[in-house]
Amino acid sequence: MRVVVTGVNGQLGYDVVKELKKQGFTAIGLTRENLDITDENQVMRTIREINPEAVIHCAAYTAVDLAEEETEKSLRVNALATSNLAKACAEIHAKMIYVSTDYVFPGEGEKPYETLDQVAPINWYGQTKYEGEQAVLRELESYFIVRVSWVFGKNGKNFVRTMLRLSEEKSTVSVVADQIGSPTYTVDLARCLVDMIKSDKYGIYHATNEGFCSWYDFAKEIFRMSGRNITVQPLTSDEFPVKAKRPKNSRLSKEKLTEQGFERLPSWQDALSRYLNELQAENLI
């Protein structure tokens, strides 16, 4: 199977291509230099030429706070580009995976969100990703919409690397403690996405590592596992003001994965341990 992966230079796209090759697929990774996904004609032409059986769309505008200012740019990348790719997939009858986010939900209460719960984004980034979901639903029947959260991987910036960097500069860090979700390791997520693309069990899914924690809990575990003697102080969201409001409840239910026979991801603690080992093995920490 020939599979196009957008955003191959990002954290997730990088590991998706690795996983596809490991499983014997022909993976065609595309960067913004190869393809301007916001250009419909270029997208149609490129996808026709490659003629893949599937497209895994990992490219996205992910600067959550900046999106509040760059409203048009973020909408073009997250919604228009997704629509372009969905139309191209529809034309050549290719499957498509669209990677979405927990930010499509309002983040209220404490109950994990189910895949069919009402969406109501509370920031512009979440709105643009929701618009991307709508484009996929509008254009395609053979689709997977996969909502993820708190992603970390080797090939890019993320919370883990930020905490490790801060630990070299400070003896104390303050981290938000009233936002709850699930960290997600791109290696584990990539495996799940490839399992999906091999199937025809289409629909909307949630895929994160198992277990829930706050950013504060996550930071403490990062420092404990990496042997850093850092004091972590809890903050409320109100004490850490940012341009884009964040959902306090980012818990996602993964029951749909189980129902459809997909293997759930390991615990976030197990994932973090393997990630830190990966960074250490490559002298990145």
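Helix H5 (residues 159-169) packs against helix H7 (residues 215-225) at an angle of about 60 degrees, their axes being 10 Å apart; axes here are lines fitted to C-alpha atoms, for helices over the stretch in contact, and angles run from 0 to 180 degrees between N-to-C directions. That makes H5 oblique to H7, given that angles under 35 degrees count as roughly parallel, over 145 as roughly antiparallel, 65 to 115 as roughly perpendicular and the rest as oblique. Helices (H or I, at least four residues) and strands (E, at least two) are DSSP runs, numbered from the N terminus. This is a predicted model, in which local features need pLDDT of at least 70 and side-chain atom pairs count only at pLDDT 80 or more, while totals for chains, interfaces and linings use all residues. Residues are numbered from 1 along each chain as its sequence is written, and side-chain values use heavy atoms, with hydrogens and water left out.

The crossing of H5 and H7 is right-handed, a term that applies if the near helix is turned clockwise from the far one by less than a right angle, left-handed being the anticlockwise case. Phe-159, Val-160, Met-163, Leu-164 and Ser-167 of H5 make the contact with Trp-215, Phe-218, Ala-219, Ile-222 and Phe-223 of H7, where contact means heavy atoms within 4.5 Å. By class, this contact of H5 with H7 has nine nonpolar residues, one polar and no charged; Ala, Val, Leu, Ile, Met, Phe, Trp, Tyr, Cys and Pro count as nonpolar, Asp, Glu, Lys and Arg as charged, and the others, Gly among them, as polar.

Helix H3 (residues 71-92) and helix H4 (residues 124-139) pack at about 15 degrees with their axes 8 Å apart, which makes H3 roughly parallel to H4. Their contact includes Leu-75, Ala-79 and Ala-86 of H3 and Trp-124, Gly-132 and Val-136 of H4, and its residues divide into eight nonpolar, seven polar and five charged. H3 also meets helix H2 (residues 40-50), the two axes coming within 9 Å and crossing at roughly 35 degrees. In that contact, Val-43, Met-44 and Ile-47 are among the residues of H2, and Leu-85, Ala-88 and Ile-92 among those of H3; the classes are six nonpolar, one polar and four charged.

Trp-150 has a positive phi of about 50 degrees although it is not a glycine. Trp-150 lies in the loop between S5 and strand S6 (151-152), and at 9% relative accessibility it counts as buried, a word that means under 20% relative accessible area, with exposed over 50% and partly exposed in between (1.4 Å probe, protein chains only). Asn-51, in the loop between H2 and S3, likewise has a positive phi of about 50 degrees, but Asn-51 is partly exposed, with a relative accessible area of 44%.
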